[in-house]
Each structure stands twice: as structure tokens, then as C-alpha cells.
Amino acid sequence: MQESAHLLIVDDDREIRDLLTRFLQKHGFRVTAAADGREMMHAFDGGRFDLVVLDLMMPGEDGLSLCQKVRARSPVPVIMLTAMGEETDRIVGLEVGADDYVTKPFNPRELLARIKAVLRRTQTASPAAAEGGRFHFADWILDVPQRSLSSADGDEADLTSGEFDLLQVMVERPNRVLSRDQLLDLTKGRAATPFDRSIDVLLSRLRRKIEPDPKVPRLLKTVRGGGYMLSATVEKS
């Protein structure tokens, strides 16, 4: 992980912005802070960021809408800050492209752990990447070093970092039933939390992007009482 990673913190609460800015700078990150969507998009247009920490509930344009804007133009990882008890909003946040979420009130060290975990997944090459791994399955090519997924016709699918990580884990273990806990461990490691619903949301998003009929999935299958499985022949090159 690059200790000088540039983070964009977006929260309308000045005390939280200042606290997180000082805390994260102390741990070696470069930090830019924004109070609302206007400041966020201005900063986004003028700089390059490795990760965005985005508050869900803000006056004016909310975090869900801003997350959609970010996701439409960049694969940069997004961690949402959500209030206690807003499970529906957290799930919607994951559906619109967030990579993870932290529930308020939170310990800054928890957020730090989540940030490091997400950056580790997106910035550190896996063993397959080190070998130049490319996986062919169905009509798709997963290029691990380039972190891209393209069809046989050359059209590239727009995957978030969370979607890519989950698909990579499944492609590397084809025709094997993986429980939610296993998938959480393999994608999030210690940053996973009990009752984390992100795997279900990510699978649903992936199905919409790679299945001919997401309602009747042929590749990413649900195994009742077991978990999920990539049902395909995979060839590595």
C-alpha cells in the first residue's frame, strides 16, 4: 500500500472533517477535505485521489447521488459513512457503487483499518497479478494486472474495485461453493464485520453486468444453504 495515498474526505460536519484530516495525515496520508457536493466535485475535477470517504447524509446533494457521480467517471474506491440503523441506505450505497461503509459513530482507527484494507485490495498485486494472470471464462476475459474485464468482442465492463475483487476470487476458484464468510475473508480480510451484506449486493451488481439474464444467472449461481459459485470452465493464460 502506498502510504502517501491521497484521500478525499467529504462530510458537512467540520469537526469530523478536521478530526479525520489530522488523524489520517498523522498516519501518512495526503488528505483533501470537502464540506459538500460542490466542494467535492471541484476537488475531484482538480486532483487525483486514491480513495473517497463520503458521508451519506448531507444537506443539498446527498452521498448516494454523489457516489453515483463519482462512479460514472472513475473507479476510485468509495467508503460511505452512514448513521446507525440505516441498513437500507447502506445497501443502496453499495448498490450504487460504494466499496465499503463505516457506521457512525465510529472510532477513527476503524475507518483507518477499512481505508487500508480497500487500498490494499486495489493497489497491491495478487499472486495471479504478479504472474500476469488473465482468466478466460464463458465469453469474458478477466485481466488481473490491468484490473479489467472485457468481453470476447473487446467491450470492457465497468467494474468497481469491490466487484473486481469479488469476481477475481470466484474466477480463481471456479465450480467451488464459497460461503459469504469465505468471500468476506478473501476480499475484505480483517475489515469484514458480522452480518456484512456487501457480498450479496456485489453479486447482484456483477450479475447485472455479466449475465445474459441476471434474474436467471448461469455463471454466478446461488447455492442454497451454501453460498455462491462461479459455474464455468476457466482457463488461465
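## Ser 151 and its surroundings

Apart from neighbours within four places in sequence, Ser 151 is in contact with Asp 139 and Trp 140, contact meaning heavy atoms within 4.5 Å. Ser 151 belongs to strand S8. Ser 151 counts as buried because its relative accessibility is 14%; buried means under 20% relative accessible area, exposed over 50%, and partly exposed in between, with a 1.4 Å probe and protein chains only.

This is a predicted model, in which local features need pLDDT of at least 70 and side-chain atom pairs count only at pLDDT 80 or more, while totals for chains, interfaces and linings use all residues. Residues are numbered from 1 along each chain as its sequence is written, and side-chain values use heavy atoms, with hydrogens and water left out.

## The antiparallel sheet

Strand S8 is part of an open sheet of 5 strands with antiparallel pairing, in the order S9-S8-S7-S6-S12. Strands S9 (156-157) and S12 (234-236) each have a single partner strand, so one side of each lacks a neighbour in the sheet. Helices (H or I, at least four residues) and strands (E, at least two) are DSSP runs, numbered from the N terminus, and two strands pair if DSSP finds at least two bridges between them.

S8 (residues 148-151) and S9 are joined in the antiparallel sense over 2 bridges. Ser 150 has Glu 156 in S9 as its bridge partner.

Helix H7 (residues 161-171) lies across strands S6 (134-137), S7 (140-143), S8 and S12, and runs at about 105° to S7. Axes are lines fitted to C-alpha atoms, for helices over the stretch in contact, and angles run from 0 to 180 degrees between N-to-C directions.

The axes of H7 and helix H9 (residues 198-210) come within 10 Å and cross at roughly 85°. H7 is therefore roughly perpendicular to H9, a term for angles of 65 to 115 degrees. Among the H7 residues that meet H9 are Leu 166, Leu 167 and Met 170, and the H9 side includes Leu 202, Leu 203 and Leu 206.

## The parallel sheet

Another open sheet has 5 strands in the order S2-S1-S3-S4-S5, with parallel pairing. Its edge strands, S2 (30-34) and S5 (100-104), each pair on one side only. Neighbouring strands of this sheet are turned by 20° against each other on average, direction ignored.

Strand S1 (residues 6-10) runs parallel to S2 and is joined to S2 by 5 bridges; Val 10 has Ala 34 in S2 as its bridge partner. Helix H3 (residues 63-73) lies across strands S3 (51-55) and S4 (78-83), at about 175° to S4.

Terms used
Angles under 35 degrees count as roughly parallel, over 145 as roughly antiparallel, 65 to 115 as roughly perpendicular and the rest as oblique.
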